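Visitor: I would like a tour of a protein model. Please tell me how each term is decided.

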Amino acid sequence: MLRRLLPIIKKEFRQIRRDKRVLAILTLVPALLLLLNGYALNYDVSHIKMAVIDQENSKESRDFLNAFVTSGYFDYVQYLKSTDEAMHMIDDARIRAAIVIPTDFSHKLLSGEITDIQVLVDGMDSNAASIILGYVQAVTLQYSQKIVLKNLSKIGRGNYLPIQYDARVWYNPELKSAKFLVPGLIGFILAITAVIATSLSIVKEKERNTIEQIDVSPISSVELIVGKMIPYALISLVAAALVIVAAYFLFDVVVKGSYLWLFGSTLLFVIAALSIGLFVSTISDSQQVAFQLASLTSMLPTMILSGFMFPIRSMPWWLQILTNITPAKFYLVILRSIILKGVGLAAFWDQLVYLMIFTTVMLTISARRFKKTLS
Amino acid sequence: MNKQRILALLKKEFGQLFKDKKLLPLVFVAPLLQLTFLGFAASLDVKDISMVLCDLDKTESSRGFIEKFTNSGYFTVDYSTEDYGSIQSYLDDHKTTMALIIPPKFGDKLLQRQPARVQVILDGSEGNSTTIAMGYVNQIIVSYSNSVLAEVVGTKSVGGINAQARAWFNPSLKSRNYMVPGVLVLILLITTMNLTSMAIVKEKEIGTLEQIMVTPITPTELILGKLIPFTIIGIVNWCVVLVAMVVGFGIPVMGSFPLLFGLTTFFLLTSLGLGLFVSTISHTQQQAMMTSMFFVLQPMMYISGFNFPIENMPKALQLFSFGVPMRYYLVIVRSVILKGVGISSLWFEAGALLFMGVMVLVASVLRFKSKLD
């Protein structure tokens, strides 16, 4: 079998090598995408442009508003007269948020009542808006606690804090976005390149009818599949290695766990992605269709359903079930475990098993279908 | 230019398109799937934080404190343990993303009016969710603290500031309102740019482009014959997505529809031009696809503000994004649909989009023509 396999692999490599641009894209673009993504994907909202409608303009209200400026999140404070003005400014995207201080602010604050302030946010970008509201809450809470304790100390009950808590963040203490995005990006990039490259390369042979020529040769369909997959698997692995090296130099992401498991699980994931590519190729008759299908089955689920960007547990239940259609979901947990947590097999063996099941099922279905389309 | 020849070309193109039984259905189903996924899944909301509880106190006070977490709706106690040392494995093994540890004598200390300590551990590999979870923890603990303080002082509450938030344009802060209009932009780009470039390169690959060249068809006619079908498909597709958005997701177009449609044609100039351009630099469909995917679509998606705000990016990328036409079209689509603003707020974006569209299209047509000769 090996004797017949080698020529196919050689042929495939020669074809890939001849098309220098596709080879360059397959190996280098992943690292390039990492660079782009690493800098562009950033949840940390800063420099929030904010306006203030201070209806009281007292020492207390100014002190409170000052807390926003010194927090570092809110960049620029402009004083406005009315909420209408603020609304216009939000309309024109000149500010992202506005804070309204009522006329009885200091009175209520000092007499120990609950003081309501109003916060207007531009809700268009809902995710950024949630983050901004989180900052507003945090600044308000901190200031509020200061006042509460001050008020209590006036009546001789100060300095008592019932609960003291310390919050620790493990694995990524500085909560850097790039750090937790890198594992996801590796999965995302591998999925796209592997699925699209294999499906297009097989469908190309279909389009040109060269696949029939192979069919009449003594090569079996299994050999053909393996021969087609090996070159792309190797290229994908090289691309993955480049991404990890780039992540180290650009974003200080250090692989804490075992490289061996990293390699093993990546290989498994690549095979899963290649079998999806194979599956796509059995359905498509033209490269245009293959491209559409491949991007639909690789890019979309990997980006949206894998937990790469959006927490799975917050999705509706039916979508949570659907997340299992993407092998990236399992691979992502493994990658985060190895790269960020530095834990061993015991921590992610279940995900590895899921990934293995997925790969086996997908590969069997695709190989069956592929054989059928050939004959 | 000869009308009849163009018509004949169009017939041929549409014939080819309809002959491929899978392409057209895919072109229309793909965006609807995308819409559904993005509409329901693309949310950074953190609703259901899974936690392991280590209550070493087990008094009424500790239970009351824990209840504050579970009643908040944000936290679910999935595991309970009395072994402090085992907590690490819960986070390591990806079982939970948070641990709440209540040490012994928590209740006693509260009753004696001494500070009681608790510990919270969060899984930072989840990134943004961790930040949000931390905010919730902070709020819950402060509000519990204050209720204890109020009890100590003997008042109903100890006061403080309560921030009431109101979100403009999207009061419930649904992320789908932000993401779904973005799909309108992606669809146009994918159908017109990717498919146009692949369709042209396909003829190159099979060698039929040379056959067309020896016919009396002029390059301009050829370009029109190639661009018109995908323009029509792109627009129909865009309308389908728009209807799905309004009917399926209940996101109405707040602004003027003619304005939205008019500015969309500006963007079409860009995406068609880019498709044409990609076809001039590609010899195979694989090349065309990968070039448009990795060098145009992907970078545009990240830099244009499609899913991440431009303000957060490094200065260099922010400057670069001014040269990305998709940026302007995104602002237009979101502003007209969600904010309902008119042209007076959008003239800069509209101007930039038109300018870039004309430039890209003219340059590509010239390049395509010179390549043919």
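Guide: Helix α6 (residues 128-153) of chain B lies across β5 of chain A together with β1, β3 and β4 of chain B. Helix α6 of chain B runs at about 170° to β5(A). Axes are lines fitted to C-alpha atoms, for helices over the stretch in contact, and angles run from 0 to 180 degrees between N-to-C directions. Helices (H or I, at least four residues) and strands (E, at least two) are DSSP runs, numbered from the N terminus.

Visitor: How were the numbers and letters assigned, and what kind of model is this?

Guide: Residues are numbered from 1 along each chain as its sequence is written, while chains are lettered from A and ligands numbered from 1 in the order in which they are written. This is a predicted model, where local features need pLDDT of at least 70, side-chain atom pairs count only at pLDDT 80 or more, and totals for chains, interfaces and linings use all residues.

Visitor: What makes β5 of chain A and β4 of chain B a pair?

Guide: Two strands pair if DSSP finds at least two bridges between them. Strand β5 (residues 163-170) of chain A and strand β4 (residues 116-123) of chain B have eight bridges, in the parallel sense. Eight meets the cut-off of at least two, so they pair. Asp166(A) stands opposite Gln119(B) in β4(B).

Visitor: Which strands form the open sheet, and in what order?

Guide: There are five, in the order β5(A)-β4(B)-β3(B)-β1(B)-β2(B), with mixed pairing. The edge strands are β5 of chain A and β2 (75-80) of chain B. Each pairs on one side only. From one strand to the next, the twist averages 25°.

Visitor: Why do β1 and β3 of chain B count as paired?

Guide: Strand β1 (residues 49-55) and strand β3 (residues 98-102) of chain B share five bridges, in the parallel sense. Five also meets the cut-off, so this is a pair. Val52(B) stands opposite Ala99(B) in β3(B).

Visitor: How many residues of chain A are in contact with chain B?

Guide: 103 residues of chain A are in contact with 105 residues of chain B. Contact means that the C-beta atoms, placed from the backbone, lie within 7 Å. Helix α6 (residues 126-154) of chain A gives the largest share of chain A's side, 19 residues. By class, that side has 59 nonpolar, 27 polar and 17 charged residues. Ala, Val, Leu, Ile, Met, Phe, Trp, Tyr, Cys and Pro count as nonpolar, Asp, Glu, Lys and Arg as charged, and the others, Gly among them, as polar.

Visitor: What is the angle at which α2 and α9 of chain B pack?

Guide: Helix α2 (residues 23-41) and helix α9 (residues 219-248) of chain B pack at about 35°, with axes 10 Å apart. The contact includes Phe28(B) of α2(B) and Ile233(B) of α9(B). It has nine nonpolar, one polar and no charged residues.

Visitor: How do you know where confidence is highest in chain A?

Guide: By pLDDT, the predictor's confidence in each residue, from 0 to 100. Helix α10 (residues 259-283) of chain A is highest at 92, and helix α8 (residues 210-216) of chain A is lowest at a mean of 73. Chain A averages 83, and 97% of the residues score at least 70.

Conventions: Contact = placed C-beta atoms within 7 Å.
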